[in-house]
Amino acid sequence: MEPDGTKDGQVNNMAKSAAAKLSQMGERTKQLVIQDPARQNRIIMVIVCVVLLLDNMLYMVIVPIIPDYLAELQKKAGQASGLAAHANSSNVTVAEKTNFDLQIGVLFASKAIVQLLVNPLSGTFIDRVGYDLPLFIGLSVMFLSTLTFAFAENYATLFLARSMQGVGSAFADTSGIALIADRYTEEAERSKALGIALAFISFGCLVAPPFGGVLYEFAGKRVPFLILACVCLADGIMCLTVLKPFSRAERENMPVGTPIYKLMLDPYIAVVAGALIICNIPLAFLEPTIANWMEQNMHSNQWEIGMTWFPAFFPHVLGVYVTVKLAAKYPHLQWFYGAIGMVFIGASSCTVPACKNFGQLMIPLCGICFGIAFVDTALLPTLGFLVDVRHVSVYGSVYAIADISYCVAYAMGPIVAGQIVHSLGFVQLNLGMGLANVLYAPALLFLKNVSQMKPSHSERNMLLEDGPTGLYDTIKMEQREKKRKGLCTTIDENGIETFAQRSCSEEESSGGEYA
């Protein structure tokens, strides 16, 4: 019996030692990956890019699913209620068609409308508590929204799910973009990181309709939403592991950001926000209207309509790549890249009605997405730079303004575009959108000297303009007053802080005014 007992004890000891070594290796790996700033930034980029991909896939995946699904629900409801009066069949059909189109438009626009309303609150919340917790909150709401979509069986539940997605996007998208801007402080790195994020946004928008249509056709309505919910859950677990959103460390060290209403009054930020609205209007207005136009004028097949926007993904990525490379070499021309993008969008939008077949239509649609890539990739980093030099380097509210700009375009699209086409025509819609982009492009000249700006105050001095609010602020105020009198802080041998009469260095004094 003793040999058996000895063997069991040895086996247990070996198992314990192996488990301990594996645990130590896991902890070391975790420390190496998470504590190294460069690796942590890469993991954060993955988390944020997956968030943006999920949000835009969920935004567009319903395009081939919901109209057909709602039509089936409406058909079943009509059969159950026994609406079959032959005398009034035409009037009933016209009324039902109008009501159905209105329901689809409101459902599609509800996400952008809710996101537009929540963004001012989410931006302020992000500035107060940091980026990690709002990102996790947004992911959680998006997960619940996706599950609600999967199991919804009536219009009211679908509307609730779409509105919930707007709330989740207001937190997740804004905090994710702001987190990238906060982690990548160098302009070249920030432009590259934001360009990668924009590529994921584009990929999510353009790949979602084929993804949703194929799975809906062969596997049913629930499968595409359940797949997206699983990806969202995995990203949430990664967010919990890496970012630790419930930690107080970030919230304690967070400076107080500039209020969103002050940022909206900044003329430079207002010009950028206007450009983001105008450049996204063609895409937002064409998405709900181009399918009917293709059916009526080109007699297009369903697969052609479903693949309308997919080829545009590649010029969008090319536009992001070109803008990042140009911004790295000539960073002072960001405004010029945005203006070129708006001219591209305007010219492409004007040529859409002249297309006679599917192949010709791909050219202006690719031009629109190429131009949008130029504008977004050039101007999103500019917003972060403007906050750095003119306000406090906290990015929640300024990227909430950017998100509001997108939402204005996409909230109007499903509701307004159809009415314009019905009243004025598809040609006039495209000419108006193209003209608006071309006319707005010169306004970006206002941003010409932004790259020459220098911060006139440090972040802490900006916070102290209204007077000290605590012990730390009081001490810093006293130090600043003494520095004005020619006294600089020194530390003696006993570690006691004293003030000596000497000239202050440029690093200790406040920076120069705007160039």
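Predicted model: local features only at pLDDT ≥ 70, side-chain atom pairs only at ≥ 80, totals over all residues.
Is K111 buried or exposed? K111 is buried, with a relative accessible area of 6%.

## The D55–K111 pair

K111 forms a salt bridge with D55, and the closest N and O atoms of the two side chains are 3.6 Å apart. D55 lies in helix α2 and K111 in helix α4, so this pair ties together parts that are 56 residues apart in sequence. D55 counts as buried, at 2% relative accessibility. With K111 at 6%, each partner falls under the 20% limit that defines a buried residue.

Side chains of opposite charge can pair when their charged atoms come close. A search of the whole structure finds five salt bridges, one of them being the bridge between D55 and K111.

D388 forms a salt bridge with R190, with 3.2 Å between the closest N and O atoms. Since D388 lies in helix α16 and R190 in helix α7, the pair ties together parts that are 198 residues apart in sequence. R190 is buried, with a relative accessible area of 0%.

Helix α16 also holds R390, while D266 lies in the loop between α10 (260-265) and α11. The side chains of R390 and D266 meet in a salt bridge, at 2.8 Å from N to O. This pair therefore ties together parts that are 124 residues apart in sequence. D266 is buried, its relative accessible area being 4%. Salt bridges that share partners also join E187, R190 and D388 into one network.

## The cavity

Rolling a probe the size of a water molecule over the atoms shows where empty space is left. The structure holds one cavity of 30 Å³ or more. About 540 Å³ of space lies in the largest cavity. Its lining is made up of 28 residues, and those nearest the centre are N56, I201, N280, Y406 and Y410. By residue class, the lining divides into 17 nonpolar, six polar and five charged residues.

Which helices each supply at least two residues of this lining? They are α2 (37-61), α4 (89-129), α6 (155-183), α7 (187-219), α11 (267-286), α16 (358-390) and α17 (396-423). Helix α17 gives the most, with six residues.

Y406 is among the lining residues nearest the centre of the largest cavity. A284 lies in helix α11 and counts as buried, at 2% relative accessibility.

## The nonpolar surface patch

What makes up the nonpolar surface patch of about 380 Å²? The patch is made by I113, L117, M412, I415 and V416. Helices α4 and α17 each supply at least two of its residues, and α17 gives the most, with three. These two helices also each supply at least two residues of the lining of the largest cavity.

I113 is found in helix α4. I113 is partly exposed, with a relative accessible area of 33%. This value is over the 30% that a residue needs to be counted in a patch. K111, which lies in the same helix α4, is by contrast buried, at 6%.

Key: Residues numbered from 1 in each chain as written. Heavy atoms only, no water. 1 Å grid on protein atoms, 1.4 Å probe; cavity = no way out; pocket = protein on both sides within 12 Å on 5 of 7 lines; lining within 4 Å. Points joined across faces, edges and corners; volume = space filled by probe spheres on them. Helix = DSSP H or I, 4+ residues; strand = E, 2+ residues; numbered from the N terminus. Nonpolar A, V, L, I, M, F, W, Y, C, P; charged D, E, K, R; others polar. Patch = residues over 30% accessible without salt bridge, like charges linked within 9 Å, V, L, I, M, F, W, Y side chains within 5 Å. Areas by Shrake-Rupley, 256 points an atom, 1.4 Å probe, with all protein chains shown as cover. Salt bridge = Lys/Arg side-chain N within 4 Å of Asp/Glu carboxyl O. Buried < 20%, exposed > 50% of the residue type's maximum accessible area, 1.4 Å probe, protein only.
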